[in-house]
Amino acid sequence: MDNTMIEQVTCLYDQSIISVMKKINDNMKNCIFVTDENRKLMDVVTDGDIRRIILDGHELHEPIGRYLKNDFVYIKEHEKFDEILSKISQRITILPIVDSEFRVIDFFECQGTLQAGVARPDLYGNEFKYLVDAFLSTWISSKGEYISEFEKKFAEFTECEYAVAVSNGTCALHLSLIALDIGPGDEVIIPDMTFAATANAVLHAGATPVIVDIEKDSWCIDPAEIKKAITPRTRAILPVHLYGQPCNMYEIMQLACNHNLSVIEDCAEAHGAEFNGQKVGSFGDTGCFSFFANKVITTGEGGMVVTNSPVLYEKMRLMRDHGMSPQKRYWHDVVGYNYRMTNLQAAIGLAQLERIDYILGYREEIEQSYRKALREVASIGFQRNDLPHRKKITWLVSCLVQPENRDPLLQLLERNGIDCRPFFYPLGDMEIYKNYIFSNQNSKNISKRGLLLPTFFDCHKSLVDQITGIIKEEILEDMICMET
Ligand SMILES: *Cc1c(COP(=O)(O)O)cnc(C)c1O
């Protein structure tokens with residue numbers, strides 16, 4: 001490491017508190033490593049430590065060395081990467097690296113300028129271990145033991161017979177449509193409020209999406225609207241379990257049964273959600289999941305299709321792998337795709353899946369703390385978690401504010417280093433989808449009010465307090481302005 005870089009993050013124990021403050025201000029790392037003349041590490045002092053020293057009534061010209069607390073985390077030279085990772089936590093994002101004589105020779109820093117992104121993957125279980133194992137095995141492409149293991153365990157998780165790992169969630173949807181022989185001339189009913197991939201997969205299959213409205217209370221596709229939109233050309237319903245909320249699968253399956261339609265569930269945002277005690281993904285002909293980095297669990301990029309149909313399972317495996325005959329290598333009876341997942345991705349996925357109950361647990365807790373902190377603000381509504389038969393999971397905590405508050409709030413939070421998201425735009429508002437609209441009034445109303453809040457493993461209480469504090473202040477101020 002170049003010496004000037006180390007120089008910026010270290011100071012001598014006899015330097016004054018004020019000069020150390022200035023140095024921290026310049027290095028923009030929020031902390032400094034205190035050393036002796038030989039650059040031997042004595043302490044790590046943060047912004048907060050200095051604040052406490054001053055609040056305790058100490059003078060700014062006193063040497064920092066007088067207030068060392070000798071309680072800090074560091075890395076030894078040649079320490080293993082997974083040990084280093086285990087030391088990075090909630091608020092520690094920069095760590096000194098010392099040699100055998102405890103001299104600072106380098107530092108390790110986690111990137112990230114935002115104080116809070118909207119999502120952050122939690123990779124602190126066996127992810128790194130399995131990934132390295134897959135890497136060292138040299139099975140880094142789409143053959144390898146982690147893939148079949150991940151598929152097996154994911155099928156178990158969703159209570160389905162089969163699972164097919166694919167490159168991403170959009171592939172999962174497309175593969176399902178193809179396996180069901182849905183194509184040109186066919187109509188597929190989808191909700192207006194969803195990520196564009198849902199519509200794109202239908203269009204890529206050559207079929208026609210029919211976009212219908214959502215329910216006011218669940219924000220999921222409205223079965224009554226599905227019923228109205230069914231024509232002789234309708235082949236499938238593609239419900240989306242939006243923001244962790246399961247659709248009304250009872251009514252959807254009933255409609256599908258009465259009209260002989262296929263059902264493809266888009267579960268990209270709802271790993272583990274349940275309707276009537278049954279896991280999403282297991283109702284339809286297929287269930288499609290995404291493992292993009294901001295989803296409930298991740299493989300970087302990645303996806304999975306689950307099914308109980310042995311016929312669909314074999315067909316999807318064939319189409320995923322170039323349509324190549326399993327009996328006769330390089331022989332193709334159908335035009336397939338390369339939609340395979342790599343063993344490296346599956347290694348990460350398997351480790352994620354081992355901890356999914358824990359991950360869903362703390363996501364739920366984070367949601368509870370947001371709800372609690374904003375309970376008294378009457379103009380904020382949270383996603384319903386009390387709808388009969390539905391057990392939602394927390395993906396990103398989602399709430400509704402007044403439409404005139406929404407964008408100012410997003411901007412204000414961003415200025416404070418907090419990355420939130422608006423809800424999806426109604427598909428029908430976009431030029432490329434507007435011809436496929438059947439109905440979307442609720443979706444239009446809800447879209448302009450929706451806000452997704454940071455939801456990830458180290459959304460600790462003080463961060464939730466800070467975020468909800470900003471929201472409350474903005475909304476209350478706005479109400480005072482309106483009254484006067
Ligand atoms: C993320 C997402 C997808 C697409 O998943 P990718 O893995 O990004 O291709 C599809 N549908 C919904 C509702 C999603 O949120």
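What you have open is a predicted model, where local features need pLDDT of at least 70, side-chain atom pairs count only at pLDDT 80 or more, and totals for chains, interfaces and linings use all residues. Residues are numbered from 1 along each chain as its sequence is written, and side-chain values use heavy atoms, with hydrogens and water left out.

**The whole chain**

Start with the protein chain in cartoon view. Its secondary structure comes to 16 helices and 20 strands, and the C-alpha trace spans about 85 × 70 × 40 Å along its principal axes. Of its 484 residues, 52% are buried; here buried means under 20% relative accessible area, exposed over 50%, and partly exposed in between, using a 1.4 Å probe and protein chains only. The chain exposes about 23,000 Å², and carbon and sulfur atoms supply 52% of that area. Accessible areas come from the Shrake-Rupley method with a 1.4 Å probe, and for residues only the protein chains shown count as cover.

**The ligand**

The shell has 14 residues, and the closest are Gly169, Thr170, Glu269, Ser290 and Lys295. Colour the shell by type and you will find four nonpolar, seven polar and three charged residues. In this scheme Ala, Val, Leu, Ile, Met, Phe, Trp, Tyr, Cys and Pro are nonpolar, Asp, Glu, Lys and Arg are charged, and the others, Gly among them, are polar. Helices α7 (169-179) and α8 (197-204) each supply at least two residues of the shell.

At Gly169, a backbone N or O atom lies 2.7 Å from an oxygen atom of the ligand. A polar side-chain atom of Asp266 is 2.8 Å from a ligand nitrogen atom. At Lys295, an N or O atom in the side chain is 3.0 Å from an oxygen atom of the ligand. The protein buries 92% of the 380 Å² that the ligand exposes when taken alone.

**Leu175, in α7**

Stay with helix α7 and pick Leu175. Leu175 counts as buried, at 1% relative accessibility. Show its surroundings and you will see it touch Val164, Val166, Met316, Met319, Arg320 and Tyr339, leaving aside residues up to four places away in sequence.

**The cysteines**

Select the cysteine sulfurs. How many disulfides does the structure hold? It holds zero, a disulfide being a pair of cysteine sulfur atoms within 2.5 Å. For Cys257, the nearest cysteine sulfur belongs to Cys247 and is 18 Å away. Cys257 is exposed, with a relative accessible area of 62%. Cys399, in turn, counts as buried at 1% relative accessibility. Its sulfur is 8.3 Å from the closest cysteine sulfur, in Cys420, which is too far for a bond.

**Asn248 and its neighbours**

Move to the loop between β10 (234-237) and α10 (249-258), where Asn248 is found. Asn248 is buried, with a relative accessible area of 12%. It touches Pro223, Phe275 and Arg390, again not counting residues up to four places away in sequence.

**Positive phi angles**

Most residues other than glycine have a negative phi. Thr138 has a positive phi near 70° and lies in the loop between α5 (127-136) and α6 (145-157). Thr138 counts as exposed at 61% relative accessibility. Asn260 has a positive phi of about 55°, and its place is in the loop between α10 and β11 (262-266). Asn260 is exposed too, with a relative accessible area of 71%.

**Last stop: α14**

Finish at helix α14 (residues 403-415), where Asn405, Arg406, Leu409, Leu410, Leu412 and Leu413 are buried. An α-helix has 3.6 residues a turn, so residues three or four places apart point the same way. Beyond the helix, select Gly417, which follows α14 and has a positive phi, near 75°.

Notes. Near = heavy atom within 4 Å. Polar contact = N/O pair within 3.5 Å; in protein donor to acceptor, adjacent residues only side chain to side chain. Helix = DSSP H or I, 4+ residues; strand = E, 2+ residues; numbered from the N terminus. Contact = heavy atoms within 4.5 Å.
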